[in-house]
Amino acid sequence: MKILRGVLGGVCFGIIGEIFGWIIYGVLFMKWTAEAHQVWRPMDSLHMRIGMPLADIFSGLMVALAYAVLYKGIPGTGIKKGLIFGLILWLIARFAGEIFFYVMSPIPFMLVIAGWLHGLIQGALGGIAIAAIYGKSLEDNS
């Protein structure tokens, strides 16, 4: 049952990331930044239509697994535990990662802002969703 909850939580995390990714990157980055077409694949590319959703779902599965493994060390209880996990995930993976990506690549800073916003929304909502789906199933019954 825990595995099924983990898969469902991971898929939910990935779908949240995909929806907000299309909104944030599509609206903020693609519409307002002239350099977007130099660093972004065309939207009709199979990488964008099939690859990105699959990558988001796969990463969501890995995040749900990390939540289960780290469960006892995450502060808080219930939904708050998921929110804290999502914020920690954002701070480590997206906040620092986007800065590194910006320093190492010739990308517009607007992409960094979009990445921070996307990661914050996905981490917070996705963490809450994973916590809600797992519920108390990760607590010891002994």
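In the protein, 38% of the 142 residues are buried (under 20% relative accessible area with a 1.4 Å probe, protein chains only). The model is predicted, so that local features require pLDDT of at least 70 and side-chain atom pairs pLDDT 80 or more, whereas totals for chains, interfaces and linings use all residues. Residues are numbered from 1 along each chain as its sequence is written, and side-chain values use heavy atoms, with hydrogens and water left out.

The protein contains five helices and zero strands, assigned as DSSP runs (H or I, at least four residues, for helices; E, at least two, for strands) and numbered from the N terminus. Of the contacts (heavy atoms within 4.5 Å) with a separation of 6 or more, 71% join residues 24 or more positions apart.

Helix H3 comprises residues 46-70, and its end C-alpha atoms are 35 Å apart, in agreement with the 36 Å that its 25 residues should span at 1.5 Å a residue (1.5 Å times one less than the number of residues). A kink of about 30 degrees lies at Met52, shortly before Pro53; the bend is the angle between axes fitted to the seven residues ending there and the seven starting there. Buried residues of H3 include Asp56, Gly60 and Tyr67.

Tyr67 is also among the residues touched by Lys81, together with Tyr71, Ile74, Pro75 and Gly76, not counting residues up to four places away in sequence. Lys81 lies in helix H4 (residues 78-104). Lys81 is buried yet has no salt bridge (a side-chain nitrogen of Lys or Arg within 4 Å of a carboxyl oxygen of Asp or Glu); the nearest side chain of opposite charge, Glu139, is 6.9 Å away. The Lys81 side chain instead reaches the backbone oxygen of Tyr71 at 2.9 Å.

Note on methods: Buried means under 20% relative accessible area, exposed over 50%, partly exposed in between (1.4 Å probe, protein chains only). Lys and Arg count as positive and Asp and Glu as negative; His and the chain ends are not counted. A polar contact is a pair of N or O atoms within 3.5 Å; within protein, one must be able to donate a hydrogen and the other to accept it, and residues adjacent in sequence count only if both atoms are side-chain atoms.
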